Amino acid sequence: MTQERLLSVRDLSLVVAQRGVEVVKKVSFDIEPGEIFGIVGESGSGKSLATRAIISLLPAAIKVTGGQVTFKGRDVLSMSEAGLRELRGAEIGLVFQEPMTSLNPSMTIGRQLEEGLTLHTNMPAPTRRERILAMLQRVGIRDPEGALSAYPHEFSGGMRQRIMLASVMLLKPALLIADEPTTALDAVIQRDVMELMVELTKAEGTAVLLISHDLPMVARYTSRIVVMEKGSLVEQGTTEQILEKPQHPYTRKLLSSLPIRGEVRTIDTVSAPMVSARNIVVDYPGRKSLFKKGTPKRALHGVSVDIHAGEVVALVGGSGSGKTTLGRTIAGLVNQSSGDILFQGRERSADWRNYRLNCQMVFQDPYSSLDPRMTILSLVEEALRLVPDIDRAAKKKRAYETLEEVGLGTEYALRYPHELSGGQRQRVAIARAIARRPKFLIADEPVSALDVTVRAQVLALFSDLQKRYGFSCLFISHDLGVVEQVADRVIVMQDGRIIEQGDRNTIFDKPKEPYTRRLLSAIPALDLTETGGVKLKWRLEA
Amino acid sequence: MKNYTFNGLIGAVLITVLLAVAILGLFWTPYDPMKLSFTARLAAPSAEHWLGTDEFGRDVLSRIIVGARASVWIGALTVSLAAIAGTLIGLISGYARGWVDAVIMAINNALLAFPGILLALGLLAVFGANQYGIIFALGIAYTPSMARVVRGAVLSLREREFIEASKIMGNSEVFTMLRHILPNCLAPITVLSTSMFGWAILSESALSFLGLGVPPPAPTWGNMLAAGRPFIEQAVWLGLFPGLCIALTLLGINLLGDALRDKLDPRMRGLK
């Protein structure tokens with residue numbers, strides 16, 4: 001502690017008080033002033049708890065059992081509540097994952113930003129206002145004056161995270177803890193917010209502790225990284241070392257789970273497409289007020305998509321691009337205002353029964369897409385209920401086989417969804433979708449809710465099944481890394497229109513539209529090194 | 001979590017005793033519950049009359065045993081009526097949404113605005129003051145609250161992805177409603193039903209108290225409680241024992257209801 005270290009964590013151990021389970025085991029790391037430091041780990045690795053301990057903001061059930069946290073030479077763990085209040089905000093700022101819940105929904109932005117300044121400084125009111133306006137300007141809020149009297153819900157997720165950042169940086173803390181700061185945002189906005197964070201903290205000389213499951217994202221901005229697994233720190237080093245010469249098997253596993261480009265396949269695009277959507281227009285009814293009928297909001301402006309037999313077509317774009325709406329329209333969950341959807345050359349509505357038998361869907365959230373009161377087996381069996389020409393026994397057999405195919409043995413058949421992990425649930429959802437042997441599958445962000453290593457497994461499973469059964473697939477995702485691995489063809493959407501489409505390699509290697517380039521600049525291209533690691537190459541936006 | 005099963009056990013014991021007593025009352029009572037005896041008016045509990053006698057010399061224990069049947073019967077039928085009607089209305093309203101929902105809920109809210117007992121009084125004037133009149137009147141009076149609770153549950157459930165998944169599988173709306181929505185509404189329905197059982201017994205007492213319940217001399221706990229009121233200073237047992245029975249029954253029903261709700265929910269499995 002003689003040297004000017006900003007933060008030093010020594011042998012920190014945490015347990016769940018009631019059950020005595022150790023959730024963080026002897027974790028040590030140091031942060032120097034002004035550096036950007038990353039902690040990488042999957043859910044349950046203890047990374048969030050370890051950082052909460054730094055500011056003594058642990059949930060009541062978690063107790064510190066050992067170790068030391070020293071911030072600027074002061075022992076944090078033995079500090080009084082009053083001392084901690086001095087520290088939090090003023091010297092250590094926090095940005096959390098979900099900006100909707102970390103901003104108070106019933107307070108104006110102006111008052112929330114002012115709170116910290118009144119608490120920690122004795123600035124006069126006009127100066128506070130000046131400082132707040134300048135900061136809002138800096139984080140890219142278009143109308144800072146107007147924002148002062150606006151409420152959080154009037155801003156998009158990205159804007160809210162910028163405001164959150166503004167509120168934290170107003171106090172010029174020495175350390176900023178950012179816990180999954182951009183996970184809830186789509187890829188492009190994610191990058192914008194990160195760049196802003198780096199720029200602001202650099203200008204103020206603030207050190208950043210960046211916590212995320214997203215290794216490339218962390219690697220892009222940090223100089224040093226620690227990797228955590230199941231409460232233990234398994235590897236630490238400079239970002240380069242970790243990426244290019246990983247030592248620990250878990251780090252290698254994380255790196256090998258990063259999506260890599262899949263092989264180029266030949267798809268028969270000459271024959272008539274399996275599914276064809278033509279000039280689809282979708283209007284959502286506008287918000288009605290008491291005396292006024294709302295003006296409808298157009299979500300899709302005449303979009304056409306063809307999907308051929310055996311082809312995986314990826315639909316990419318930021319939030320609000322209309323990609324999910326298009327998927328749901330083709331699935332028949334949203335009615336189009338105009339336009340036709342053809343299946344095997346015939347109007348879909350001519351034979352709904354046939355379409356339902358052959359078109360299935362996998363949803364994003366495996367926690368909400370499975371009926372919590374049904375067993376895994378009955379969930380999969382239900383998908384076979386309306387399939388003609390096979391009897392009950394055969395259906396049961398097929399359900400077991402399908403579960404086996406997605407890697408869930410008989411021991412899972414009689415369990416309920418809540419007894420399974422997120423990855424296993426998504427396997428069930430996939431089993432349910434493929435049990436009918438559909439000719440066409442719509443997958444709406446099927447792996448976005450999963451951890452890195454689980455995501456890799458589920459993607460591999462998906463590709464396997466796709467090869468085996470040869471179904472066509474509309475794969476909706478904002479994560480271009482995943483798309484690069486599975487898609488044959490890519491369609492880029494923005495503001496309810498298709499702006500660019502082409503085969504995967506063309507889109508990834510020679511994008512034409514600036515928006516596509518922006519999307520691509522959010523993900524790295526990977527070069528494998530001989531030492532079992534990777535080199536990340538970031539694409540330029542321009 | 002151990003507490004839960006323990007509470008459930010207490011509830012089950014109380015309700016079993018109640019049902020046993022109600023059935024017993026069909027065949028046997030210590031004395032004839034209707035038999036008047038002017039020599040033994042307002043006798044205190046004794047070896048002869050365990051729970052004493054009332055102002056007409058009728059044995060209180062016998063009347064409680066017989067009254068149990070009426071109370072259970074009224075409670076169970078009222079709750080069944082309200083639960084079935086309310087669930088059906090709530091399901092339709094929540095699932096259909098739009099103008100169907102608007103109309104149903106407008107009527108429902110209008111009914112909710114009346115105090116339940118007032119509504120029941122009005123309905124009793126139509127159905128006539130007897131056991132089945134009470135059941136219908138209370139059943140109808142409780143239906144709106146059940147409908148409202150079920151509708152709320154349905155509204156939040158139908159936004160879940162597994163409902164969309166069901167649609168994608170080609171299931172009909174009726175199937176989706178019965179297979180996916182209804183089972184997931186069971187928890188609030190059970191909780192509300194158990195409370196309603198209590199309310200029904202109490203309301204029956206209140207109506208009897210107002211002279212609109214099951215007509216005397218047939219005993220129910222409610223009219224016994226009401227009849228005991230003028231004698232509360234001389235013979236406290238007249239009101240005490242029926243009141244105690246009502247309280248224990250409510251306790252039993254609530255404990256059992258909570259335990260049942262947890263038992264029926266697969267998510268509570270394995271959380272011991």
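In this predicted model, domain 1 and domain 2 of chain A bury about 1900 Å² between them, with carbon and sulfur atoms giving 57% of that area. V188(A), R220(A) and E244(A) supply 27% of what domain 1 of chain A buries against domain 2 of chain A, more than any other three residues. Between chain B and chain A, the buried area is about 2400 Å², of which 53% comes from carbon and sulfur atoms.

**Domain 1 and domain 2 of chain A**
- Domain 1 spans 7–256 and domain 2 spans 275–538, and their centres, taken over C-alpha atoms, are separated by 33 Å.
- The contact draws 21 residues from domain 1 of chain A and 20 residues from domain 2 of chain A.
- The rule finds 1 salt bridge across this interface; the side chains of D192(A) and R518(A) meet in a salt bridge at 3.3 Å, N to O.
- There are also 8 residue pairs in polar contact, both at pLDDT 80 or more.
- On the domain 1 side, the elements that give two or more residues are α8, α9, α10 and α11 of chain A, and α8(A) gives the most, with 5 residues.
- By class, that side has 10 nonpolar, 2 polar and 9 charged residues.

**Chain B and chain A**
- In this interface, 23 residues of chain B are in contact with 30 residues of chain A.
- On the chain B side, E161(B), I168(B) and M169(B) lose the most area to chain A, together 31% of what that side buries.
- The rule finds 1 salt bridge between the chains; R328(A) and E164(B) meet through their side chains in a salt bridge at 2.6 Å, N to O.

Methods. Residues numbered from 1 in each chain as written. Chains lettered and ligands numbered in written order. Predicted model: local features only at pLDDT ≥ 70, side-chain atom pairs only at ≥ 80, totals over all residues. Heavy atoms only, no water. Contact = heavy atoms within 4.5 Å. Buried area = accessible area lost by both parts, 1.4 Å probe. Salt bridge = Lys/Arg side-chain N within 4 Å of Asp/Glu carboxyl O. Domains from an automatic or database assignment. Polar contact = N/O pair within 3.5 Å; in protein donor to acceptor, adjacent residues only side chain to side chain. Helix = DSSP H or I, 4+ residues; strand = E, 2+ residues; numbered from the N terminus. Nonpolar A, V, L, I, M, F, W, Y, C, P; charged D, E, K, R; others polar.
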